[in-house]
Amino acid sequence: MNLRKFAMGSGALFVARASVAVILLALNVLLARHMPIAQVGIYLFLFNLGAVVGTLVNLGVGTAAIRFIAEARERGQHGLARAITIKALLTSLSLFAGAVGLAILAAALGGAELVGGRLHGHVYLAIAWSAAIGIRLAIFDLLVAYEREFEAAVSSGLLAAVLTLAPLLVFAGLGMPITLELALQVSLAAAVLSAMQSVWRLFARLPRGEDDELVAAFSPMQFFTVGIPAAFSRLLSGRRKELLLVVLGLVLSAADLAILGMANQAVAVIAMPIVAINNAILPHIPRANVSTSFSENLRRIRSAWALGIAPIVFIGVATVLLAEPLVRFAFNPQYEAVTPVLTILVVGRIASVLAGPTSQVLMMTGRQWLASALSLIEVVPLVALGLVLGRLYGAAGGAAAFTLTVLFSSVVLTVAIRRSAGVYVY
C-alpha cells in the first residue's frame, strides 16, 4: 500500500465528500429558513429513508464487487475485473427494478394508506427517490473498486447535491415560496439525473483486458454470499444515524425529526476526513488479505486510517465549544435544541473513529457472516434505545441512543477482530 498515493486519492475524495456534506448542510439551512419546521422534518425523514432503503435493497452487491474486483486486479486479471463490474451493475439494476415494481404494486393494493401516515402522502415519490439514491450508491462502490475515489464522490453525491441546492437558491432569490412539494420534486429530479450520469461515468472508465475462462465461471450469485451479510453490516456501521432517524419516525414528531436531521448533517461535515479515508481503504483490505503479509499491510492501513483521526477530534471539540453560537447564526429559535443533540452525536462519532476500520476489515477479508451477526446484535440496542429514549427525551434521546450503541459496538467489534484475525485495528 503506497501511503503517498493513498493520501492523494483519499484527499481528493475528502474534497468531494466534504463538498457534498457542506452543500447538504446549506440545503438544510435554506429549507429551515423557508419552510415550517414540521415540513423540514418530513423532508429529512424521506431523505434518510431513501439512503437506508437504497443501501438495503442493493443487498451489498457493490460491497462484494469491491472485494472481488480488487482481488482480480491484484492478480492482474483485468478482463475478469471488467466482467465482474458489468455483472455487478446489471445485478444492482435488476434488484432496484424488482423492488420498485413490488413497492408500486403494494402501494396500489392499499399499502399507500398503511404507510401514508409516516410518508405523509408521498409514497410514490419516496419509492422513486429511494431507487435513484440506491443506484448512485451502487455506482459509487464500483468506482471505488478501481480507486477512482474522486469520480465516485462526484458522480454519486456531489452532482445530486448541486442539482438540488442550485434551483432552490434560484427560487429563493426570485422571492418564490419554497414548499415541501417543490423541494421533494427538485430532489427527485436531481437524484435521477445524477444516477444516469453515474452509470455513464462507470462505463466510460471500465478497464480493458482479455477475457479468460474465469469470466464465464464467475456467477452473480457470488455477490450475495458476500453482499447480503455485508449489506446488513454496512447499513448498521455506515448508516446508523440514517437508520435511527427512520426508526424514530415512529415515535418522534416531525419537528424533532428536523432537529435530529440537522444535527446529523452537521456531524456528517465533521466526519468527512474519516469517511473519505474509509472509502479509499476498502479495496486495499482485500488486496492486503491475498498478499503474503496481511499483518504488515494492515499496519499501513491503520496508519492511513489515523490520517483522519486528528482533524475529526479537533473539529469535533471545536464544534462542541462553538455549537450554541453556530446554531443561533444558522437557524431560527425553533432549532435551539440542535445544540445538545449535536454535542451528543459528536461524542459518538469520535468514539467510532477511534475504534478503527472494524466492520470494513471483517467484510473485506471473508468474515462477512461474522460482521453480519455482530451487526444484528448491534441493531437490538440501537432500535430499543432509540424507541425508548426517543419517546422520553425526543431528539436528544435519539442522539444518546446512537452514541451508546456506537460505544457498545466498537468494543464488540474490536474483540471479535482480535479473536478471529489475531490483529488490532484501532
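Modeller: Before we begin, helices here are DSSP runs of at least four residues, numbered from the N terminus. Please keep in mind that the model is predicted.

Biologist: What share of the residues in the protein is buried?

Modeller: A residue counts as buried when its relative accessible area is under 20%. Among the 426 residues of the protein, the buried ones make up 56%.

Biologist: Among contacts between residues at least 6 apart in sequence, what percentage joins residues at least 24 apart?

Modeller: Contact here means heavy atoms within 4.5 Å. Of the contacts in the protein between residues at least 6 apart in sequence, the part that joins residues at least 24 apart is 84%.

Biologist: Which kind of aromatic pair do Tyr 43 and Trp 129 form?

Modeller: A search of the whole structure finds two aromatic pairs, and in the one formed by Tyr 43 and Trp 129 the ring centres are 5.6 Å apart, with 55 degrees between the planes. Planes under 30 degrees apart would count as stacked and those over 60 as edge-to-face. The angle of 55 degrees therefore falls in the remaining class, and the pair is tilted.

Biologist: Which helices hold Tyr 43 and Trp 129?

Modeller: The two residues are 86 residues apart in sequence, so their pair ties together separate parts of the chain. Tyr 43 is buried at 3% relative accessibility, and Trp 129 is likewise buried, at 2%. Tyr 43 lies in helix H2 (residues 37-57), and Trp 129 lies in helix H5 (residues 123-145).

Biologist: Which kind of pair do the rings of Phe 47 and Trp 129 form?

Modeller: Phe 47 in helix H2 and Trp 129 in helix H5 are 82 residues apart, and ring pairs link Tyr 43, Phe 47 and Trp 129 into a cluster. Phe 47 counts as partly exposed, at 25% relative accessibility. The ring centres of Phe 47 and Trp 129 are 6.0 Å apart and the planes stand at 65 degrees, so this pair is edge-to-face.

Biologist: Which helix gives the most to the nonpolar patch?

Modeller: The patch on the surface is formed by Val 313, Val 317, Leu 321, Leu 322, Leu 326 and Leu 354, which together have about 540 Å² of accessible area. Leu 326, found in helix H15, is partly exposed with a relative accessible area of 47%. With five residues, the element that gives the most is helix H15.

Biologist: Is Gln 265 buried or exposed?

Modeller: Gln 265 is found in helix H11 (residues 254-270) and touches Ala 21, Leu 24, Leu 25 and Asn 28, leaving aside residues up to four places away in sequence. Its relative accessible area is 11%, and because the cut-off is under 20%, Gln 265 counts as buried.

Biologist: What distance separates the C-alpha atoms of Pro 340 and Ala 395?

Modeller: Pro 340 has its place in helix H16 (residues 338-355) and is partly exposed at 42% relative accessibility. Pro 340 and Ala 395 are 55 residues apart along the chain, and the separation of their C-alpha atoms is 9.3 Å.

Notes:
Residues are numbered from 1 along each chain as its sequence is written. This is a predicted model: local features need pLDDT of at least 70, side-chain atom pairs count only at pLDDT 80 or more; totals for chains, interfaces and linings use all residues. Side-chain values use heavy atoms; hydrogens and water are left out. Buried means under 20% relative accessible area, exposed over 50%, partly exposed in between (1.4 Å probe, protein chains only). Rings of Phe, Tyr and Trp (its six-membered ring) pair if their centres lie within 6.5 Å; planes under 30 degrees apart count as stacked, over 60 as edge-to-face and the rest as tilted. Patches are made of residues with over 30% relative accessible area and no salt bridge: like charges are joined within 9 Å, nonpolar side chains (Val, Leu, Ile, Met, Phe, Trp, Tyr) within 5 Å. Accessible areas come from the Shrake-Rupley method with a 1.4 Å probe; for residues, only the protein chains shown count as cover. A salt bridge is a side-chain nitrogen of Lys or Arg within 4 Å of a carboxyl oxygen of Asp or Glu.
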